[in-house]
Amino acid sequence: MQGMSERQYAAHVGLSRGAIQKAKTAERLVLYPDGSINAAASDARRAETTDPSKTRKPPAPKLKPVPEAAVAAVGDTLREQGLAVPAVGGGTTFLQAKTANEVLKAQERRIRLQKLKGELIERARALALVFRLAREERDAWVNWPARAAALMAAELSASCRNATGQQITVEPAAMQKVLEKHVRAHLDELAEVRPDFR
């Protein structure tokens, strides 16, 4: 046998044996006198006589490119768990990505459970609570001098004497002004503090 059999040529071109038999009957293949197929000449003839729109193209792989952020997230998750991290630019293996996915699912379940138990609250709710508490604290400090000034003035008047031994009277209004001045200066310092909520 000089050339290929139908089965061999079918494997060579990636078609079924039935398709090769049809092409042979339609005289689209070049045969040797013994009936075997001349592969090179048959390939050329098939290319000339085949309508390109009717050729079956291999399906394009349906893989989507993985965003760099996703690869970085896999590396971060693995690093947090103390596992092997893919080399920079080396790509992530399927096993690493699957491990990171399982770790993230476990973390999500833990967070959901902590929310159900009341151990975690929403960030907006926490910020509102902190703001409300800070405002209440500020209001308490602003009102404190008016309440404390009279008591402090009475205590200081009872215990203060000048050089001649006469008792010195401290005016509650003057005491309140001094206290308010110092409290407001302190509150201004506190207002400059900005918590870092990351």
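User: What is the handedness of the crossing of α1 and α3?
Analyst: Keep in mind that we're looking at a predicted model. Find α1, residues 6–13, and helix α3, residues 39–49. Look at how the two helices cross: the crossing is right-handed.

User: Which residues of α1 and α3 make the contact?
Analyst: Start on the α3 side, where Ala-39, Ser-42, Asp-43 and Arg-46 take part. By class, the whole contact has three nonpolar, two polar and two charged residues. On the α1 side, the residues are Tyr-9, His-12 and Val-13.

User: Are α1 and α3 oblique or roughly parallel to each other?
Analyst: Their axes come within 12 Å and cross at roughly 55 degrees. Roughly parallel would need an angle under 35 degrees. So the word for α1 and α3 is oblique.

User: Is Ser-42 buried or exposed?
Analyst: Ser-42 is found in helix α3. Skipping neighbours within four places in sequence, Ser-42 is in contact with Tyr-9, Arg-28, Leu-29, Val-30 and Ile-37. The cut-off for buried is under 20% relative accessible area. Ser-42 has 0% relative accessibility, so it counts as buried.

User: And Glu-27, is that one buried or exposed?
Analyst: Glu-27 is found in the loop between α2 and α3. Its phi is near 60 degrees, a positive value in a residue other than glycine. To be exposed, a residue needs over 50% relative accessible area. Glu-27 has 61%, so it is exposed.

User: Which elements give two or more residues to the largest nonpolar core?
Analyst: That core has seven residues in all: Tyr-9, Ala-10, Ile-20, Ala-23, Leu-29, Ile-37 and Ala-39. In soluble globular proteins, nonpolar side chains tend to be buried together. Here, the elements giving two or more residues are α1 (6–13) and α2 (17–25).

User: What is Ile-20 in contact with, leaving aside its neighbours within four places in sequence?
Analyst: Ile-20 is part of the largest nonpolar core. Its contacts include Leu-29 and Ile-37, which belong to that core too.

User: Zooming out, how many helices does the chain have?
Analyst: Read along the sequence, the pattern is α-α-α-α-α-α-α. There are zero strands. The number of helices is seven.

Definitions and conventions
Residues numbered from 1 in each chain as written. Predicted model: local features only at pLDDT ≥ 70, side-chain atom pairs only at ≥ 80, totals over all residues. Heavy atoms only, no water. Core = buried A, V, L, I, M, F, W, Y, C linked by side-chain atoms within 4.5 Å. Buried < 20%, exposed > 50% of the residue type's maximum accessible area, 1.4 Å probe, protein only. Helix = DSSP H or I, 4+ residues; strand = E, 2+ residues; numbered from the N terminus. Contact = heavy atoms within 4.5 Å. Axes fitted to C-alpha atoms, helices over the stretch in contact; angles between N-to-C directions. Parallel < 35°, antiparallel > 145°, perpendicular 65-115°, else oblique. Left-handed = near helix turned anticlockwise from the far one by under 90°. Nonpolar A, V, L, I, M, F, W, Y, C, P; charged D, E, K, R; others polar.
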